[in-house]
Structure formats: C-alpha cells, structure tokens
Amino acid sequence: MRIIACGDLHLVESNPKRRTDNYFETLMDKMKFTSDYAYQHGITTIIYPGDIFDTHKASNRLIASTIDFFSSNYYFSGEYIFAVIGNHDQVYRSEDNSPMQILSASGIIDLLDKEPIMATNSNRVEFYGCNFGSEIPAPSKSRLTKCLVIHKMISDKDYWNGHIKYSGAIDFLKEHPEYDIVISGDNHHSFTAEYEGRILLNAGSLGRSKIDQINHKPCFFDIETDDLSYEQVFIPILPAKQVFDLGAVEKEKEENKALEEFVSSLPSVSNHQPMNYVSNIIDFVSRDSNIEKDVSSIIYECLEGLETA
C-alpha cells in the first residue's frame with residue numbers, strides 16, 4: 001500500500017508579510033500538485049498531520065474553499081484523507097470547536113484518534129492519530145503495520161538554538177517501538193529519521209510564509225507501507241525573488257541598524273540593551289526562572305522568525 005504524507009498547510013486568506021504573490025492561490029497550486037501526483041500514481045490515502053488552517057478563526061469562505069478543493073481535486077472513489085488537529089486548528093487548545101470538525105462533518109477528511117482506522121484498499125495497516133497536546137494512543141497487539149499521525153514538535157536537530165522545546169526524532173522512535181511509521185507535523189523543517197527498521201517522516205510546512213524560509217523546499221513523502229520504503233517528492237516553487245519583497249527586507253534592516261546606532265549614541269541609554277524587540281523578549285524569558293518551560297517554549301515558538309521576517 002502506498003500513502004502520501006504531507007506537512008502543515010497553514011491555509012490562510014491574507015498574504016504573509018513581504019509575500020508579493022497571491023499566497024492562498026500559491027498554496028492551492030501546491031496542493032493541486034500533490035493531488036495530481038496521487039492520481040498519476042494510483043495513491044488513494046493522503047495524510048495531513050495537523051495545522052491545515054493557520055488559525056482556528058478561519059473564515060467561512062476559507063473553509064468552503066478548502067472543502068471545494070478537496071472534493072474537486074481528489075479523484076478516486078473511496079479515497080481517504082486522514083488528518084489530526086494541530087495547535088493552529090484549535091480554539092484555546094480545545095479540539096471540539098475547530099474548523100477541522102467542519103471538514104470532518106462534511107465527509108472530506110477522517111480525523112484519526114486512539115481507535116485504529118484502516119483504509120478499505122488495505123487491511124494491513126492501522127492508522128492512529130494524536131492531536132496537538134493529546135496523549136499518544138496505545139495501539140492494538142495485532143501484527144499489522146501501525147502508523148501514527150501526530151502533531152507534536154519533533155525534530156532531528158535543534159534549529160532554534162535552545163529556544164523551543166522538542167522531542168528528538170530518534171528518541172521518539174525508541175520510546176514508541178509499537179509504531180512502524182510515524183508521520184509528524186508542527187516542525188516546519190523537513191527531515192526523516194530511521195531506527196531499527198522503523199521510520200519517522202516530517203515534511204515541514206507547505207508554504208514559505210516567512211523570510212527565514214527562503215531556502216525551504218516544500219515536499220511530501222511517497223511511502224510504501226509494505227517495506228517502509230519512501231521517496232521525498234519536492235513541490236515546484238518559484239525563486240524567492242519572485243514571491244518575496246527582498247528589497248523591503250534589506251531596507252528595514254538598514255533602518256533598524258541606524259535606529260540602534262542612534263539610540264546607543266545617547267548618553268542616558270548608552271548601557272541599555274539594543275532596541276531589538278525579539279531579542280529583548282527572549283532575553284527576559286530566559287532570565288526569569290519563574291516562567292515554566294512549557295510557557296517559555298510557546299513564547300519562543302510565537303517569536304520564531306520575527307527577527308528576520
């Protein structure tokens with residue numbers, strides 16, 4: 001059985017700062033590439049590991065457009081789109097009041113949870129789901145291949161210089177030997193990990209919403225569940241200079257540098273920290289021992305990319 005493992009979509013109607021194209025249409029084109037690939041290769045099971053929407057406040061128009069896309073661009077009768085709920089899909093960490101529930105009620109997607117779901121075109125794979133903040137389910141004792149879809153910050157290395165709490169990919173596979181395949185979301189970087197014949201795949205974000213993602217290559221994974229082989233398939237993208245306002249980025253950097261030099265030259269504040277909002281917040285959080293680690297991790301995640309965005 002072959003399945004496609006995607007990454008975080010973060011569908012949004014408004015353009016991210018410094019994107020010059022129609023960002024929503026660009027995301028739709030990338031999703032169309034994925035659905036066309038599935039059709040051309042006869043793959044009928046697609047996995048989305050959370051954060052289909054960029055916010056739980058997704059408009060009715062965006063939700064309707066998403067339903068229309070899925071219903072119009074997946075071509076197989078009996079095709080399965082499995083998903084879990086990410087942190088951006090939730091309302092104050094509540095799974096019940098989420099736009100993902102509307103997609104599920106419409107019949108467009110199947111939300112995975114602790115009870116196994118099997119695609120009708122294969123009786124050899126059990127799919128389990130773990131929404132953001134939920135407990136990892138204990139799978140059955142059957143000898144079937146078991147696939148966990150999870151929205152959790154898992155990573156192959158520290159991309160954030162200690163500012164974000166994450167679980168190591170190899171450690172996660174060691175701690176959960178009951179799963180043969182782990183498809184994770186939340187981390188916007190693409191990576192793979194293997195341990196004792198089992199695999200963990202994280203496609204990363206579908207879009208390049210921030211300036212620090214210029215070199216990111218959106219992708220998905222084509223997985224053969226019979227032998228756990230896989231291929232990383234890269235999605236075509238335009239050069240950064242065609243979709244980002246790079247001139248505005250350089251201009252803003254120059255203006256910030258000039259402002260900091262001016263402030264530093266003032267005698268009354270010459271010993272103060274530079275006027276860098278992100279750096280000063282990070283410094284404050286890292287020095288305050290009363291802030292719990294989980295809280296600081298959320299703060300760091302929200303600040304990620306702002307310094308260069």
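**Aromatic pairs, cores and sheets in a predicted model**

With ring centres within 6.5 Å taken as the pairing rule, the count comes to 10 aromatic pairs. The model behind this count is a predicted one. One of the pairs brings together Phe 82 and Phe 127, whose ring centres sit 5.0 Å apart. Their planes meet at 50°, so the pair goes down as tilted.

Tyr 159 and Trp 160 make another ring pair, with centres 5.6 Å apart. Here the planes stand at 70°, and since anything over 60 degrees counts as edge-to-face, that is the label this pair gets. Trp 160 has 7% relative accessibility, so it counts as buried. Ring pairs also link Phe 33, Tyr 37 and Phe 220 into a cluster.

Next come the nonpolar cores. The largest holds 35 residues, and the members that touch the most others are Leu 11, Tyr 48, Ile 52, Phe 53 and Met 100. Helix H1, strand E2 (45-48), helix H2 (60-73), strand E3 (80-83) and helix H3 (99-105) are the elements that each give two or more residues to this core. H1 supplies the largest share, at seven residues. For Met 100, the contacts beyond four places in sequence are Ile 52, Phe 53, Ala 83, Val 84, Ile 85, Asp 89, Ile 109 and Leu 111. Apart from this core lies another, made of 22 residues, including Leu 112, Ile 181, Ala 203 and Leu 228.

On to the strands. An open sheet of five strands runs in the order E5-E6-E9-E11-E10, with mixed pairing. Its edges are strand E5 (125-130) and E10, each of which pairs on one side only. From one strand to the next, the twist averages 15°. Inside this sheet, strand E9 (residues 181-185) and strand E11 (residues 198-202) run parallel and are joined by three bridges. Ile 183 has Leu 201 in E11 as its bridge partner.

Strand E1 has pairings of its own. With strand E12 (residues 219-224), E1 pairs in the antiparallel sense over four bridges, and Ala 5 has Phe 221 in E12 as its bridge partner. With E2, by contrast, E1 runs parallel, and two bridges join them. In that pairing Ile 4 stands opposite Ile 46 of E2. Pairing of this kind, parallel or antiparallel, goes through backbone hydrogen bonds between the strands of a sheet.

Which residues does Glu 194 touch, not counting those up to four places away in sequence? The list is Ile 170, Leu 173, Ile 199 and Tyr 230. Glu 194 itself is placed in strand E10 (residues 191-195), an edge strand of the five-stranded sheet. The contact with Tyr 230 includes a polar one, at 2.7 Å between the two side chains. As for Ile 170, this residue is 24 residues from Glu 194 along the chain, and their C-alpha atoms are separated by 7.0 Å.

Arg 18 is not a glycine, yet has a positive phi of about 75°. Its loop runs between strand E1 (2-5) and helix H1 (23-40). Asn 161 also shows a positive phi, of about 55°, without being a glycine, and lies in the loop between strand E7 (154-155) and strand E8 (167-168). Are these two residues buried or exposed? Arg 18 has a relative accessible area of 10%, and because buried means under 20%, Arg 18 qualifies as buried. Asn 161 reaches 69% relative accessibility and therefore counts as exposed, the cut-off for that being over 50%.

Conventions: Residues numbered from 1 in each chain as written. Predicted model: local features only at pLDDT ≥ 70, side-chain atom pairs only at ≥ 80, totals over all residues. Heavy atoms only, no water. Contact = heavy atoms within 4.5 Å. Polar contact = N/O pair within 3.5 Å; in protein donor to acceptor, adjacent residues only side chain to side chain. Buried < 20%, exposed > 50% of the residue type's maximum accessible area, 1.4 Å probe, protein only. Core = buried A, V, L, I, M, F, W, Y, C linked by side-chain atoms within 4.5 Å. Pairing = 2+ DSSP bridges. Axes fitted to C-alpha atoms, helices over the stretch in contact; angles between N-to-C directions. Phe/Tyr/Trp six-rings, centres within 6.5 Å; stacked < 30°, edge-to-face > 60°.
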